[in-house]
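This report describes one protein chain, beginning with a single residue and its surroundings and then turning to the chain as a whole. The sequence and structure are shown below.

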Amino acid sequence: MKAFEELDLMNLDASLTEQERMIRNTVRTFVDKEIIPVIGEFYDRGEFPKSLIPGLAKLGVLGASLEGYGCAGMSPTEYGLIMQEIERGDSGIRSFASVQGALCMYPIHAYGSEDLKKSYLPKMATGEWIGCFGLTEADFGSNPGGMRTTAKIQGDHYILNGSKMWITNGNLAKLAIVWAKDESGAIMGLVVDTDLPGFSARVIEKKFSLRASVTSELFFDDVKVPGTHVLNIKGLKGPFSCLNQARFGIAWGAIGAAQACFDEALNYAKTRIQFDKPLAAYQLVQAKLANIATEITKMQWMTLQLGRLKDAGLAQPHQISLCKMNNVSTALDIARTCRDILGASGITYEYQVGRHMLNLESVNTYEGTEDIHRLIVGEKITGISAYR
Ligand code: TGC
Ligand code: FAD
């Protein structure tokens, strides 16, 4: 297979620091050598490639932007570039890393006691312990505030009851960050060891998307969680603050998936002969490739600016929503067009475009659907909330 060539029509590479380029290139090499050669097979089998975890951990990918406790302490833009490269390999592997770092290590780091941080974060940074994040329930996806899972205080413990649906890493996890309602109906977060009595997880099978990622349903039946494992945050802003981190990474990741599709479609169009000429010699095909290149370039500009805002501690939730919404839905359109350029070849796992296209259907839905992010942007510009 031809080596990946990044599209960079506006020379944005020159806007990156030496260290950002070095981190991106190191992860790029890992993705080329370790992920791309094997991922089609894992996807076909519907299996998460656990063997990649130590390599990802060694690169500092897990909890990359957190300080201390064995974490790499990278900047948001460095973290974003990592997510971009990993998702060029597969959205499922980026999902694994997002959940571990942004959705599980981040809340422990931000809201956990010193003891929790010391006992969980170093083992999570090395990938020895895997986390999952339980916010969504079967009847409460876009509207997590309606959740029914409860945590009731009993002496120095909380008794957890309920269930969570569509949980990435669920059956891999040693711990779950579970969001539940206390007696007053306020949302609270708990670090729940998955080997506690009453905790169980079921793998969700027959997915056509994110097949190289584990997705589960979690059940809590009178799970007795120590009071020491409660996070020091109340209300929906707890889980949403984690989602800000993860959605930021997804905005970058979608560029990686789009780049992978573009690179493959461009190479295919240059070598596939129909009517005695390469596909790339036809104006209709060039128009498709030029449109994709334009959209990728717009995503790169917007997302680098988001990274710079976050580096400066200034990124706002609506800016993250704008990039998550735009980049994922644009990447999905790009994947569909690239699939078309590959003709019949585009439907097999021999090529990447079909796998990215199917993965991006999930990415467009999770961490806030495209519509929900449109409503968040709509609320920002009109001042009117239109969710209800
Ligand atoms: P609303 O009344 O607007 O807000 C409730 C409280 O939360 C605060 N808040 C935020 N805080 C920090 N960051 C944000 N982005 C925040 N957004 C809201 C808000 O200020 C308020 O605070 P307070 O102090 O006043 O209580 O909440 P709402 O119930 O009306 O909901 C608004 C809506 C629809 C935007 C929100 O619920 C939403 O984003 N829904 C989408 C749900 C979602 O994204 N779920 C993700 C589940 S996790 C997942 O998908 C992982 S996939 C992982 C992978 O594999 O990569
Ligand atoms: P719904 O909320 O029922 O939405 C269905 C449709 O209605 C969408 O098009 C939506 O945009 C639209 N809609 C909903 N409300 C409105 C409105 N007010 N106005 C206009 N349109 C609206 N969750 C976790 O907690 N942890 C995880 O690790 C996790 N991993 C996931 C992995 C995968 C592969 C998938 C597919 C999902 C995962 N999720 C996870 C769940 C994900 O966050 C939810 O699927 C998502 O928030 C949408 O919820 P829903 O599927 O219930 O759709």
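Predicted model: local features only at pLDDT ≥ 70, side-chain atom pairs only at ≥ 80, totals over all residues.

Leaving aside residues up to four places away in sequence, Trp129 touches Gln100, Ser119, Tyr120, Lys123, Met124, Lys174 and Leu175. One of these, Lys174, is 45 residues apart from Trp129 along the chain, yet the two C-alpha atoms are separated by 5.7 Å.

## Fold and dimensions

The protein chain contains ten helices and ten strands. Its radius of gyration is 21 Å, which agrees with the value near 21 Å that a compact globule of 388 residues would have. Along the principal axes, the C-alpha trace spans about 80 × 45 × 40 Å.

Contacts between residues at least 6 apart in sequence were also examined: 74% of them join residues at least 24 apart. The pair Trp129 and Lys174, 45 residues apart and in contact, is one example.

The chain exposes about 16700 Å², of which carbon and sulfur atoms supply 54%.

The protein chain carries 40 positive and 43 negative charges.

Notes:
Residues numbered from 1 in each chain as written. Chains lettered and ligands numbered in written order. Heavy atoms only, no water. Helix = DSSP H or I, 4+ residues; strand = E, 2+ residues; numbered from the N terminus. Rg over C-alpha atoms; globule rule 2.2 N^0.38 Å. Contact = heavy atoms within 4.5 Å. Areas by Shrake-Rupley, 256 points an atom, 1.4 Å probe, with all protein chains shown as cover. Lys, Arg positive; Asp, Glu negative; His and termini not counted. Charge placed at Lys NZ, Arg CZ, Asp CG, Glu CD.
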